[in-house]
Amino acid sequence: MWDAINRGLALALVTTPLLIACGGGSPSNPGAINAPQCSGSSCTGEGPPPQGTVASLCPATADIGSNTYLGGAGSGEVVRLNINATAMTYTLSWLESPIPLATGTVSPSRQGVQITGPVAHPPAGALPTAEQTRCAFMLEPGTGSGPNGSYSTTAEFNAANPPTIFVGNGVAGGGIPGATVEFDGLTILVLTGVGAVPNRHFDFYPFLGFASTTTDITKLPGTYNGLLYHLTPSNNYLTVGTNTTETFDASGTCTSTNTPNPAYSPNAGGCLSTGNPWTLDTNGYFDSTQAPQIVTQTSLPLIGQTGKSGVAHMILGQLNGTTIPLVVRTGNVNLGTAPLHTDAQVDDESGLALLAQATPLASGGFDGGYVGADSNFNYTATLINGGTGSFVNPGTSSAEDGFSLTYGVSASPGLVGVTAQTTGGGTANGYAIATGGLYAILIQGEENNGVTSTSTNSTTAQSPYFGVGAQVSK
């Protein structure tokens, strides 16, 4: 049955654009994602759409560079990205990062590094249409420097699975440069290998960024559903995903009605996304110290302090008239003072969460096609049609795994139940949320063939599955 449904949904998606967040508007006031386009004599005032087509998926080539995207990555990084589609170059700055500059170390990280490099469109035939190809940009190896010296992404670049950004109006997503991570660990008193990280290569890290953001905290208050996906390298890359319902007041303080989970370490109010109240960062987002933990990990220091040294960062994206909080948890590793390292700090849990206002969502309320990246370190499209969804290969438009959606299953409005089939024939459950033309999905099971082979090690967790995408069609 699922195969038949998937083929039907995939056929429907073939006829729609497969790139992120298209529509009218400007970076400061994006228009509706599926705004109708004019042609010929039907155009008034502004003339025909860019590039002379009725199916423009992103700004005109000369205008793409006018947007700089502030966003977050699944690596726990906050990133600022600009793509010049005329010169075919990009500039990428890591504003927050737990990812080491060099394999075999844990510090310094990529924080403060800015690189530049060339971009290239995917080769002809890699995406179904020329317009989709025009709006997609592979980030080829870049070089630059930061407070701790020079940096290059040449060694990490995998031409078979390159970091690729899909550009639309008001939002961009896909993947930013990955890394190879490994650390032998510390010796603390009689303990050896403390905080050790197995060698693992990541082709790219999933990324979502906004052309327009706000530092107006008065746009935040309200109750939100959130889906979180975190990874802890020092626990053999253990991954945990969960849902949360949280309420923010005008001071940025977070409280929650979450059912307590003894495996998690929430903030004092029960929230899983936020620690202490949010404070404004000079880079245009908000910071929260003592960020909650949802992944079991080594807790350091050994003496005196809490193990929560990671920091959460909230980016308030503005898209289609909606405020969309994107929360990045940046893990922290501080080796402390040699030779004993008793003051070392290890809280390397990092990840991403999307929050959506807890408002009722009926069947059909977020129907359409979405494109983004997922926890498999792969690019994927998703088609939602009432109570049915399907993952679709964005290059071939062929159906992959399918799932069903159940509305009104939770006491929290807007939290949609997800049921998927596992490869063994069983079922896996989870949730989906949607807001402003974005959606997120979390399934407590393997989906879409698991983690891509070049980003795995022998014990890499294939579950849970997490994905974020932007709507490209209705």
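This is a predicted model: local features need pLDDT of at least 70, side-chain atom pairs count only at pLDDT 80 or more; totals for chains, interfaces and linings use all residues.
**Overall make-up**

The secondary structure of the protein comprises 33 strands and two helices. The protein has 474 residues, and 55% of them count as buried. Its accessible surface is about 17,500 Å², with 53% of that belonging to carbon and sulfur atoms. Among contacts with a separation of 6 or more, 61% are between residues 24 or more positions apart.

In soluble globular proteins, nonpolar side chains tend to be buried together. Here the largest nonpolar core holds 42 residues, and the most contacts inside it are made by Ile83, Leu92, Ile165, Ile176 and Tyr205. The strand that gives the most to this core is β11 (residues 171-183), with five residues. Another core, of 25 residues, lies apart from it; Leu70, Val171, Leu208 and Tyr285 are among its members.

Beyond its neighbours within four places in sequence, Ile83 is in contact with Ile64, Gly65, Thr89, Tyr90, Val119, Phe137, Leu139, Ile165 and Val167.

**Strand β32 and its partners**

Strand β32 spans residues 438-443, and six of its six residues are buried. The cover extends to both faces: Leu438, Ala440 and Leu442 are buried on one side, and Tyr439, Ile441 and Ile443 on the other. β32 pairs with β31 and with β33, as tabulated below.

| Pair | Partner residues | Bridges | Direction |
|---|---|---|---|
| β31 and β32 | β31: residues 427-435 | six bridges | antiparallel |
| β32 and β33 | β33: residues 465-473 | six bridges | antiparallel |

Ile443 of β32 takes part in both pairings: Gly430 has Ile443 as its bridge partner, and Ile443 stands opposite Tyr465 in β33. β31 and β32 form a hairpin with two residues between them. In the turn, Gly436 has a positive phi of about 60°.

**A buried loop residue**

Leu101 is located in the loop between β5 (89-96) and β6 (114-120). Leu101 counts as buried because its relative accessibility is 18%, and the cut-off for buried is under 20%. Aside from neighbours within four places in sequence, Leu101 is in contact with Pro108, Ser109, Arg110, Val113, Asn148 and Tyr151. The C-alpha atoms of Leu101 and Ser150 are 9.0 Å apart in space, while the two residues are 49 residues apart in sequence.

Notes
Residues are numbered from 1 along each chain as its sequence is written. Side-chain values use heavy atoms; hydrogens and water are left out. A nonpolar core is a set of buried Ala, Val, Leu, Ile, Met, Phe, Trp, Tyr and Cys residues joined through side-chain atoms within 4.5 Å. Buried means under 20% relative accessible area, exposed over 50%, partly exposed in between (1.4 Å probe, protein chains only). Helices (H or I, at least four residues) and strands (E, at least two) are DSSP runs, numbered from the N terminus. Contact means heavy atoms within 4.5 Å. Two strands pair if DSSP finds at least two bridges between them. Accessible areas come from the Shrake-Rupley method with a 1.4 Å probe; for residues, only the protein chains shown count as cover.
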